[in-house]
Amino acid sequence: EVPESMQSGRFQPPYDRFGWEWEMSKLSIPRPNLPDFIKEDKKRNLKKIFKPYMGKLSVTIFWERGGEPFEISGQTLLKPEHLWLPEAEIEQMRQ
């Protein structure tokens, strides 16, 4: 589990012209309406296990070449279980 946070730095020599930063954040996801053909007991179970968020990991690598700055970024979504949230926020989501 990783808390919502951000870090940045530079790579060790001989790659020290490259830097990096990453950020872990919470991405809210609205609960979709469930189709009418789903049985009520299954709907209750789906609503019970639904988590209204996912973890979002963003990573950026940046460097300079010939005096010009460059960067490349990537993002991925993580299961809610991989994002650490304080207990107070978890309790608030349950209400």
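The model is predicted, so local features need pLDDT of at least 70 and side-chain atom pairs count only at pLDDT 80 or more, while totals for chains, interfaces and linings use all residues. Residues are numbered from 1 along each chain as its sequence is written, and side-chain values use heavy atoms, with hydrogens and water left out.

**Strands**

Helices and strands here are DSSP runs (H or I, at least four residues, for helices; E, at least two, for strands), numbered from the N terminus. Two strands count as paired if DSSP finds at least two bridges between them.

| Pair | Direction | Bridges | One facing pair |
|---|---|---|---|
| S3 and S4 | antiparallel | 11 bridges | Trp 22 and Val 59 |

Between S2 and S3 there's a loop, and Pro 14 sits in it. The peptide bond joining Pro 13 and Pro 14 is cis, with omega at about 10°. For background, most peptide bonds are trans.

**Lys 56, on strand S4**

Lys 56 belongs to S4, which covers residues 53-65.

As for neighbours, contact means heavy atoms within 4.5 Å. Leaving aside residues up to four places away in sequence, Lys 56 touches Glu 23, Met 24, Ser 25 and Leu 27, plus Gln 75, Thr 76 and Leu 77. Pro 35 is 21 residues from Lys 56 in sequence, and their C-alpha atoms are 28 Å apart.

**Lys 43 and the salt bridge**

Now over to helix H1, where Lys 43 lies. How many salt bridges does the structure hold? The count is 1, taking a salt bridge as a side-chain nitrogen of Lys or Arg within 4 Å of a carboxyl oxygen of Asp or Glu. Glu 40 and Lys 43 form it, with their closest N and O atoms 3.8 Å apart. Helix H1 spans residues 40-49, and because Glu 40 and Lys 43 are 3 residues apart in it, about one helical turn separates them. In general, side chains of opposite charge can pair when their charged atoms come close.

Lys 43 counts as buried because its relative accessibility is 11%. Beyond residues up to four places away in sequence, Lys 43 touches Leu 34, Pro 35, Asp 36 and Ile 38.

Definitions and conventions:
Buried means under 20% relative accessible area, exposed over 50%, partly exposed in between (1.4 Å probe, protein chains only).
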